[in-house]
Structure formats: C-alpha cells, structure tokens
Amino acid sequence: MYRLNLPQYEIKITRRQGKPYILDMLRRKYVSLTPEEWVRQHFVHFLTDCKGYPPALLANEVELRVGGKRLRCDSILYDRLARPRIVIEYKAPTVAITQKVFNQICTYNMLLHVDYLMVSNGLQHYCCRMDYEKGTYTFIDGIPEYGELIPR
C-alpha cells in the first residue's frame with residue numbers, strides 16, 4: 001500500500017479468497033482493503049491515538065438519506081449527546097483534494113450541519129470550521145486535538 005503522511009499503527013490485515021481485508025476498529029470487522037480504506041484506517045487511528053478523539057464517538061460509513069437517495073459519509077464524529085459535530089471525507093492518496101471533494105462533503109453537511117469538515121487523502125489533511133451566522137468557513141492549521149474542537 002501507500003506510504004502516508006500519518007503515523008504508523010499496528011495494522012491488522014487478513015486475506016479472504018485471495019483479497020486483502022483490513023480491521024476497522026470502529027466497525028469491529030475486517031473490510032476490503034482499498035486505497036481509500038487504507039487512508040481511513042490510518043486517519044482514524046491518528047485521531048484516536050494521537051489527537052485524543054474518543055473511538056466511541058466516531059463512526060465509519062454512516063448512511064444518510066435524502067428522499068429516496070442514499071449517501072454515505074466516510075466518518076462522523078458525534079458529541080456526547082449523539083449530535084454530529086465533524087464530517088470527514090477520505091480519498092485515495094492518488095486522488096487530489098480539489099473543490100469537487102469539498103463540494104461532496106458540503107453536500108453531506110447540508111443534512112448534518114456540523115461544526116467542522118475534514119478531508120484527507122493520507123498525504124494532505126484539511127480541517128475547516130463552519131460559521132453559519134456569517135455563511136463562511138475558516139481553515140485551521142493542521143488537525144486539532146479533540147479538546148480544542150469539542151470542549152469537555
């Protein structure tokens with residue numbers, strides 16, 4: 001797989017019918033190992049192991065419904081009252097983070113109305129804070145600690 005701009009962790013991989021699967025600690029099961037999944041698993045471990053994000057408040061592959069249409073968020077961080085606070089979108093390391101990627105995450109946010117949006121392709125990571133009163137957003141340097149984003 002790809003070398004990422006994220007810390008290493010103890011990766012658990014298995015093979016089924018000749019195909020690799022990686023352990024998703026949030027879903028507590030092995031999932032197909034794709035380049036995007038490689039990024040997701042590294043980023044989730046980065047958030048939990050290095051940035052203090054509680055694993056119990058994170059969820060992967062969250063389904064949203066708009067009328068008859070189904071959307072799937074890569075990851076969501078909830079607060080302790082089960083309100084979505086951060087939406088995270090992952091791309092494979094070979095996929096550039098463009099306005100199209102931000103448009104995709106903004107579509108999810110029209111339903112969720114979260115405080116922060118994060119995007120990562122494993123090489124570049126972005127976080128922005130939404131300001132709904134002003135109708136703007138502000139990019140934050142780096143990925144903040146959990147305590148900086150969600151007061152305890």
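Which side chains meet Asp 79 and Arg 85 in a salt bridge, and at what N to O distance? The side chains of Asp 79 and Arg 85 meet each other, at 3.6 Å from N to O; a salt bridge here is a side-chain nitrogen of Lys or Arg within 4 Å of a carboxyl oxygen of Asp or Glu. Both Asp 79 and Arg 85 are buried, where buried means under 20% relative accessible area, exposed over 50%, and partly exposed in between (1.4 Å probe, protein chains only).

The model is predicted: local features need pLDDT of at least 70, side-chain atom pairs count only at pLDDT 80 or more, and totals for chains, interfaces and linings use all residues. Residues are numbered from 1 along each chain as its sequence is written, and side-chain values use heavy atoms, with hydrogens and water left out.

**Salt bridges**

Side chains of opposite charge can pair when their charged atoms come close. The whole structure contains 14 salt bridges. Three of them are tabulated here.

| Pair | N to O distance |
|---|---|
| Glu 37 and Arg 27 | 3.2 Å |
| Arg 72 and Glu 61 | 3.6 Å |
| Asp 79 and Arg 85 | 3.6 Å |

In the salt bridge between Glu 37 and Arg 27, Glu 37 belongs to helix 1 (residues 35-50) and Arg 27 to the loop between strand 2 (19-24) and strand 3 (29-32), so the pair ties together parts 10 residues apart in sequence. Helices (H or I, at least four residues) and strands (E, at least two) are DSSP runs, numbered from the N terminus. Glu 37 is buried at 6% relative accessible area, whereas Arg 27 is partly exposed at 25%.

Arg 72 and Glu 61 form another salt bridge. This pair links distant parts of the chain, with Arg 72 in strand 5 (residues 69-78) and Glu 61 in strand 4 (residues 58-66), 11 residues apart. Arg 72 is partly exposed, with a relative accessible area of 41%, and Glu 61 is also partly exposed, with 24%.

**Cysteines**

The structure has 0 disulfides, a disulfide being a pair of cysteine sulfur atoms within 2.5 Å. For Cys 50, the nearest cysteine sulfur is that of Cys 127, 16 Å away; Cys 50 is partly exposed at 38% relative accessibility. For Cys 128, the nearest cysteine sulfur is likewise that of Cys 127, 6.5 Å away, and Cys 128 is buried at 2% relative accessible area.

**Nonpolar cores**

A nonpolar core is a set of buried Ala, Val, Leu, Ile, Met, Phe, Trp, Tyr and Cys residues joined through side-chain atoms within 4.5 Å. The largest has 27 residues, of which Phe 43, Tyr 53, Leu 77, Ile 86, Met 118 and Ile 143 touch the most other members. At least two residues come from each of helix 1, strand 6 (84-90), strand 7 (116-120) and helix 3 (146-149), and helix 1 gives the largest share, 6 residues. Contact means heavy atoms within 4.5 Å. Leaving out residues up to four places away in sequence, Met 118 touches residues including Phe 43, Tyr 53, Ile 86, Ile 143 and Leu 149. A second, separate core of 17 residues includes Val 87, Phe 102, Leu 112 and Cys 128.

**His 45**

His 45 lies in helix 1 and is buried at 12% relative accessibility. Apart from neighbours within four places in sequence, His 45 contacts Tyr 9, Met 25 and Cys 50.
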